[in-house]
Amino acid sequence: MRKLRKLAEKNSIDFKLEEQATHDGKVIAETYSFPKKFITIRSKAIHQNLTEEQKQAAVERMRDMTTYQTAKQLSENHDLSLSSVRTLIKEIRQQVDAGRYPDGSVLTGCNVLVNIYVFYDGGAH
């Protein structure tokens, strides 16, 4: 209940509190609505058994990442087409305008730079 409440506070466009049930003046249940694209179902837990070399390679990849990346870097680092990345950036900009993400999430200048954490949250998994 707390997680959905926080999401509704941060992103009232997508997450809406529809109903609250109370008992003796205390909230005992809440009903929320949100887009079905936000729901994922896993058939089993995913466990990665990595060798020490694989772990070290992952550490090196993380060191190479900066907080902001260009569309080309995001495309290459996440095996996405440049068109898909640009679509995600457009959606992120809309979410910035709606107040979900802070103004500095997408930087413009010679190149468009995107905060990678916002990019992950915006749908690039």
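Predicted model: local features only at pLDDT ≥ 70, side-chain atom pairs only at ≥ 80, totals over all residues.
**View 1. F15 and F34 form a tilted aromatic pair.** A search of the whole structure finds 2 aromatic pairs, and here the ring centres of F15 and F34 lie 5.2 Å apart with 35° between the planes. Rings of Phe, Tyr and Trp (its six-membered ring) pair if their centres lie within 6.5 Å; planes under 30 degrees apart count as stacked, over 60 as edge-to-face and the rest as tilted. F15 sits in the loop between α1 (2-10) and β1 (16-23), while F34 sits in the loop between β2 (26-33) and α2 (52-64), so the pair ties together parts 19 residues apart in sequence. Helices (H or I, at least four residues) and strands (E, at least two) are DSSP runs, numbered from the N terminus.

**View 2. F15 and F38 form a stacked aromatic pair.** Look for 5.4 Å from centre to centre and 20° between the planes. This pair links distant parts of the chain, with F38 in the loop between β2 and α2, 23 residues from F15.

**View 3. Ring pairs join F15, F34 and F38 into a cluster.** F15 is buried at 7% relative accessible area (buried means under 20%, exposed over 50%, partly exposed in between; 1.4 Å probe, protein chains only). F34 is partly exposed at 31%, and F38 is partly exposed at 31%.

**Notes.** Residues are numbered from 1 along each chain as its sequence is written, and side-chain values use heavy atoms, leaving out hydrogens and water. Local features need pLDDT of at least 70, side-chain atom pairs count only at pLDDT 80 or more, and totals for chains, interfaces and linings use all residues.
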